[in-house]
Amino acid sequence: MNSTNMLLAAPELWVMVMACVILIVDLYLGEERRGIIHMLAILTLVFAAIITLRADYAADGVREAFAFNGSYIRDTMGDVLKLFSFLILAIVYTYAKFCLRQFRMFRADFYTLSLFALLGVMLLISANSLVMIYLGLELISLSSYALVAFDRDSRLGSEAAIKYFVLGSMASGMLLYGMSMIYGATGTMDLGQVAQAVRSVGSDDPLLVFGLVFLVVGLAFKLGVVPFHMWIPDVYQGAPVVTTLFISSVPKMAAFAMAIRLLQTGLVDMQADWSQMLSILAVLSIILGNVAAIAQTNIKRMLAYSTISHMGFVLMGLLPGTAMGYGAGMFYVIVYSLMSAAGFGMVILLSARGVEAEKLDDFKGLNQRNSWYAAIMAMVMFSMAGVPVFVGFFAKWMVIKAALDAGLMWLAIIAVIFSVVGAFYYLRVVKLMYFDEPLTEAEIDAPVDFRAAISLNGIMMIGLGIFSSSLIAVCMASFGA
Amino acid sequence: MSLKTILLLIPLLPLAAAAVAGLFRNQVGRAGSHWVAILGVGVSFFLSAYVLYLQVFGNLETLNYSVYTWMVSDGIRFEVGFLIDHLSALMMTVVTFVSFMVHIYTIGYMAEDPGYQRFFSYIALFTFSMLMLVMSNNFLQLFFGWEAVGLVSYLLIGFWFKRESAVAAGLKAFLVNRVGDFGFLLGIAAILYCFGSMDYSEVFGQAGSISGETVSIVAGFEWQWITVICICLFIGAMGKSAQAPLHVWLPDSMEGPTPISALIHAATMVTAGIFMVARMSPLFELSDAALSFVMLIGAVTAFSMGLVGIVQNDIKRVIAYSTLSQLGYMTVALGVSAYSAAIFHLMTHAFFKALLFLGAGSVIIALHHQQDMRFMGGLRKQMPITWITAWIGTLALIGFPFMSGFYSKDSIIEAVHASTRFGSDVAYWAVLLGVLITSFYSFRLLYLTFHGQPRYRVDVGAGDHPPDGILQHAPKESPLVVTVPLILLAIPSIVIGYMTIEPVLFGGWLSDAIMVLPQNDAVAEVGSHFHGPVAMVTHALGTAPFWLMIGGFVLATFIYQVRPSMADQLQQKMPRLHRILENKFYVDEFYQSVFVRRVINIGNGLWKKADAGLIDGVLVNGSARLVGTISERIRLWQSGFLFQYAFAMIVGLIGMIAIWVMLK
Amino acid sequence: MPIYEIVFYAFSLVMLAGAVGVITVRNPVYAALCLVLTFFSASAIWMLLEAEFLAIILIVVYVGAVMVLFLFVVMMLDINVAPLKEGFIRYLPVGILVAALMAAELLVLIWSKGRFEAGAYPLPAPNPEEYSNTKAVGEWLFTNYLLAFEVAGVILLVAIIAAVALTLRHRAGGHRQNPSHQVRVERDERVRLVKMKPEPRQGS
């Protein structure tokens, strides 16, 4: 525990080195050879996955291993979340290349910034001390701010970036304040030692509870749950769709890991308190997210509200404080990230020549223009709505079951009722695609790698649903359930 | 390649073919899609045949294993699993063979259809679903396959969705099957309730344990659980296998393309109900009441549907009613515990009925989609191959000695005769008279279509859509892709019964799947008089069925060949009988007036008063309006002003501190 | 040791006053200067805790570099303050209410629960003579907090990249010189030697 053991963090080191390499290589590439950057980025992800999979630490049945004097942890949950981050980021890159080319924004900055954000995601997932959590979070946030303002000529984008930046800084400040309270009460940054200190101090220490409130607020902002959600719709809508695609998927997994590290590793003895806080946040999010989404006519905004409700469900998995619940939450967040990537991927696909297809009406009559793409979008929508057989159903089912097992009947009932309300706006998209006349007959064209990626992503919606048990088993095993 | 890989490939190849032909229809093109589909189903057939071969000659043991566990909930496992015994291997081979033939035939039949690739995708998907159904080792997968074949069937009935009648027929099939499926689902739920398992072997293993338990559905009447379960399951089978009174969808399903009528609505899907009951024999054996019910339903269907077939003029409808009647025979066999006889008849029927349908399709192609027999006649000269194969199919259907249908149908009749179950004497008369009727309408079809004088006129300048009875081109024999499947189907129609009756029926070959209690074993009773297939023929020459069959032939020959005018005279002499038959015993009208119209009335009433007023006005619109209003409010909060957002966060923070730090 | 407490309270008061000044004064330059004052006082308090290195760093980095740059920017940009104050009066009551609530909650927390009494947090024992705060910070940074230190470096790198990515533009038609082209210039590109007949001198 007191050694540096740097090789354990090889995936992070690799991603960091490659981000810098891409930064430098780009200096020597002209506009027409930018494709190399894309290939390098994909390569980075592939090798990062390979390095992660060679988890030597787990050789003798060891469940977790530490590095950098205990501030870094490798465990199954972390590895699984990282692997899915790589997968989803690879999908995001494939969508992004097509989109950036169309919008004449194909610059290497997108790749370097998002790789640094990925580094932040990985560090946050593997953080085992308060300071690493904060730094990982800041690394993600800083890269995200820049990515939101990536389209420098877009006023909406700049405005969104400023909002995101100011509110994000506020949330970081609150988180940091909470951390300082926890540090003040326990005298340590290491989460394992925090847990021990909490046990000796007693979980009803007002200082601890006070700190916990601030921590939960910081966490809630990052996840985007009510009432700390206000940035989500504006940022999702204002940012270029590639950025929305990115920030709506990969960082959510980091936020989940952050919740696990802080609440389950560090403050597990205060479960009674944070469970109540999370349940209020979860209920508000599920209600507000689903209801507000109905009034939206902009698909990016609609998906933003849908994100809010999905994050409410993730919290619902967390709050019982059981291994089953954590596993369910993890499954949900992975599934959500995949669904979100596919949803925004479809928005990118329909964006013709420099105009984002962000109106719901742009999906009208999609079935007549291209039935396969309509089928993909329909699968994504069904999955998000939680229609059985699709993977989203199992995700919802698992968290609701976790809540029921914990005796939270009222929470489960609210979740079910508002899922039904939510189904309305998802199915409206399906209705638009299949029963309305298209506004344009323009051919939908995309390069072959894009088509492959979106098809794969769409088929996952039903494929992972039918074969959901292995992924669920992995998620459950991460928490020993 | 291990056996398990092969078994996995058998259903997955057609699925893959369906995916390729359906999803990439523009990429692979017409030829590509039929090659992919034929290849997938063809390989699947050869693999199925290999598995059957291993079972017959290689002493392959029964395989029962789980392929994939979907989820485990409260100890009940939801899984995909295969149960490969002689019954499923036989079904797999029959299904893939007929499907393979139909695939090839479709190239010719659908040659000019714009939905060519879609069609191949559907039938390959159907093959997959049917295989999943027969290979299943649990009720969940059975139900999945059950619904999936149903779905494809509705899609295919309504394949020509521009024809209003086709869409209506699809809807009708869908609705009627819902009634059956409701029963089926209730049955499965009851099984789950009673046994706490979805797995066949577990359920069958415990079947005896609930034999004495009863349930009181209507107060005062105690029902045996097992009877309730079996009758519920059988209601499902009635829907799928079109038994009276849920038969009404099958004749209408002839709106679909003919290859579909052959594959789905004659050879395979409609026999799923028969297969299911045979598979469930360990349950059905425990309930005499349920078996009696099964037998009587079958008998009614077998007799009455054949009668209706006599007066139909549409060539496909005649065969459709014949299918209904034959399904009735199988059901009767199930009812007298002669499960193996039912499966045997199912197999032979699959071949000769597919043959008859495809033959009818061949005629329809030649006559430019004219299906009315009143405008046919004399086609034997122009279409010799179709004519000969149709004769073979007909002889098999009526049970002419040495043909496959003879062995299967005679066995059923004998088994019914030997049975002592309540009501079996009624059933015996029904199936016996059914032979006469079958023979009569079969020869009527043959004579009207292929013999006599042509009742159509060839007029080259008649335009694209000439009136009935006028053709643009003279009919000619269909292309090879049509005739080769006919010939290939004709071969088993002749010989399969002779070759397999001994092992399948009396050799106990199916006994690893089918359980018959000794006191019910009608087949064994029949088998005790069985001395080989040839002896069976010589014995049959002196029995009633043979002479009834001959009687039907003579009657048909006399009426339609010797004195063609007599048919009309008879029709005029017996207007009431004719009208009853013409209107198919008024079953459709009954449903229309009792259920459909009343339901529509109730529905309208509910819609106007309850729905439009209360639910729409108050609940739906009200809550929609409420949700809309709230939604709009939230939009107002989401003003876009940064300071408001920050303010919201701070309020949230203060609120949380107030609740958790102050109040505790 | 009353002198210790006098110094502590004195600098604390100045720091609070400075912090209040930052958000209340109208002129941004004054606000920045108030912030400098706040940092300065904080640094003095750190000094009291024997954290000399951090205290010096705070002065050097924040006061010396960051705030100077900040002042520079504020002066260059010439922000019109009036619109920023719009609505100040309108939202003041709500603002005060929220602030008061927050303050009340904190005060209740501090006074009622007993966790924040002075006795609960004794002064740390003074370090021995030869103790070097700088050395201790260095040791910790490169052992226990190595990863955090490196990640902080990455964050700064991202800040640079983000700043460049968002502000660097190559405007079309801009008159920019490329030094490397200028250095590599050849004679032939600039001078053209022309052969011509000698012209007779005019008017001779």
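This is a predicted model: local features need pLDDT of at least 70, side-chain atom pairs count only at pLDDT 80 or more; totals for chains, interfaces and linings use all residues.
View 1. Strand 1 (residues 64–67) and strand 2 of chain A run antiparallel, joined by 4 bridges. (Strands are DSSP E runs of at least two residues, helices are H or I runs of at least four, and both are numbered from the N terminus; two strands pair if DSSP finds at least two bridges between them.) The hairpin has 4 residues between the strands, and here A:Phe68 takes a positive phi near 50 degrees. In strand 2 (residues 72–75), A:Tyr72 and A:Arg74 point one way, A:Ile73 and A:Asp75 point the other way, and all are buried. Buried means that 20 or more other C-beta atoms lie within 10 Å of a residue's own; 12 or fewer makes it exposed, anything in between partly exposed, with C-beta atoms placed from the backbone. In a regular strand the side chains alternate between the two faces of the sheet.

**View 2. The nonpolar cores.** The largest nonpolar core has 225 residues, and those with the most contacts inside it are A:Leu119, A:Leu124, A:Val213, A:Val217 and A:Met377. Helix 14 (residues 323–350) of chain A gives the most to this core, namely 19 residues. A second, separate core holds 210 residues, among them B:Met198, B:Leu246, B:Leu486 and B:Leu505. A core here is a set of buried Ala, Val, Leu, Ile, Met, Phe, Trp, Tyr and Cys residues joined through C-beta atoms within 7 Å. Zoom in on A:Leu124: leaving aside residues up to four places away in sequence, A:Leu124 touches A:Ile133, A:Gly136, A:Leu137, A:Ile140, A:Ala254, A:Ala257 and A:Met258. Touching, or contact, means that the C-beta atoms of two residues, placed from the backbone, lie within 7 Å.

View 3. After helix 6 of chain B comes B:Gly196, with a positive phi near 65 degrees. Now look at helix 10 (residues 258–267) of chain B: 10 of its 10 residues are buried. What covers them includes helix 3 (86–109), helix 4 (116–135), helix 5 (139–157), helix 9 (249–252), helix 14 (315–335) and helix 15 (339–366) of chain B.

**View 4. Where the chains meet.** The contact between chains A and B takes 27 residues from chain A and 26 residues from chain B. On the chain B side, the elements giving two or more residues are strand 1 (63–73), helix 25 (587–637) and helix 26 (642–662). Helix 26 of chain B supplies the largest share of that side, 12 residues. By class, the chain B side divides into 18 nonpolar, 6 polar and 2 charged residues. (Ala, Val, Leu, Ile, Met, Phe, Trp, Tyr, Cys and Pro count as nonpolar, Asp, Glu, Lys and Arg as charged, and the others, Gly among them, as polar.) Elsewhere, 6 residues of chain C are in contact with 7 residues of chain B; the chain C side has 5 nonpolar, no polar and 1 charged residues.

View 5. Most residues other than glycine have a negative phi, and most peptide bonds are trans. A cis peptide bond joins A:Val226 and A:Pro227, with omega about 0 degrees, and A:Pro227 sits in the loop between helix 8 (206–223) and helix 9 (231–238) of chain A. Another cis bond links B:Ala244 and B:Pro245, with omega about 5 degrees. A:Val389 has a positive phi of about 80 degrees although it is not a glycine. With 15 C-beta neighbours inside 10 Å, A:Val389 counts as partly exposed.

How values were computed
Residues are numbered from 1 along each chain as its sequence is written. Chains are lettered from A and ligands numbered from 1 in the order in which they are written.
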